[in-house]
Amino acid sequence: RKDYQQLRVIEQMVEDLDMPVRVVAHPTVREPDGLAMSSRNAYLTAQDRLKAPMLQATLAWMRDAIAAGRRDGVGLEREGRSRLADAGFDVEYLSICDPATLDLVAEPAGAVLIAVAARLGGVRLIDNVIATPGGTPA
């Protein structure tokens with residue numbers, strides 16, 4: 001599920017083409033500090049590698065805010081981008097989306113996908129989490 005958008009494209013293609021295939025999604029594999037495992041991580045400088053877990057930490061903070069009842073998706077995205085920028089990330093996108101359609105969601109009322117792509121140094125990192133209003137913060 002690390003590249004959730006790609007997963008959804010494949011799932012939709014299998015459905016649309018009525019392919020006799022079962023797509024099995026697995027949770028993102030993470031380093032002990034929470035950073036999603038990726039071959040790109042090897043290109044991070046030592047200093048950037050120390051900052052990199054802030055990506056997942058920001059997603060977790062947003063997930064927990066939604067679980068606690070926050071519904072201002074636009075404001076939450078803005079605060080998340082600010083946190084990442086303050087940590088040295090160049091944010092390409094940080095979006096709260098419908099997990100099935102990937103349409104943007106301004107006011108989370110059900111389960112949502114929080115997805116991010118951001119550069120740290122010259123390395124593009126991606127990650128995502130699912131958040132549920134009233135859900136249990138992890």
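In the predicted model, R70 and D72 form a salt bridge in which the closest N and O atoms lie 3.9 Å apart. R70 is partly exposed, with a relative accessible area of 24%, and D72 is likewise classed as partly exposed, at 40% relative accessibility. The side chain of R70 also meets that of E79 in a salt bridge, with an N to O distance of 2.6 Å. Through shared partners, R70, D72 and E79 are joined into one network of salt bridges. E79 is partly exposed as well, its relative accessibility being 34%.

The structure holds nine salt bridges. Another of these links R49 with D33, with 2.7 Å between the closest N and O atoms. Because R49 lies in helix 2 and D33 in the loop between helix 1 and helix 2, this pair ties together parts that are 16 residues apart in sequence. Relative accessible area is 23% for R49, which is partly exposed; D33, at 39%, is also partly exposed.

A42 is located in the loop between helix 1 (4-16) and helix 2. This residue counts as exposed, at 67% relative accessibility. Between A42 and G135 the C-alpha to C-alpha distance is 34 Å, with a separation of 93 residues in sequence.

Helix 3 comprises 14 residues (54-67) and spans 19 Å from its first C-alpha to its last, close to the expected 20 Å. Ten of the 14 residues are buried, so that the helix is mostly covered. Among the buried residues are L55, L59, M62, R63 and I66. The buried residues of helix 3 pack against helix 2 (46-51), helix 4 (73-86), strand 1 (90-97), strand 2 (112-120) and strand 3 (123-131). Helix 3 is followed by G69, which has a positive phi near 115 degrees.

Notes: Residues numbered from 1 in each chain as written. Predicted model: local features only at pLDDT ≥ 70, side-chain atom pairs only at ≥ 80, totals over all residues. Heavy atoms only, no water. Helix = DSSP H or I, 4+ residues; strand = E, 2+ residues; numbered from the N terminus. Expected span 1.5 Å × (residues − 1). Buried < 20%, exposed > 50% of the residue type's maximum accessible area, 1.4 Å probe, protein only. Contact = heavy atoms within 4.5 Å. Salt bridge = Lys/Arg side-chain N within 4 Å of Asp/Glu carboxyl O.
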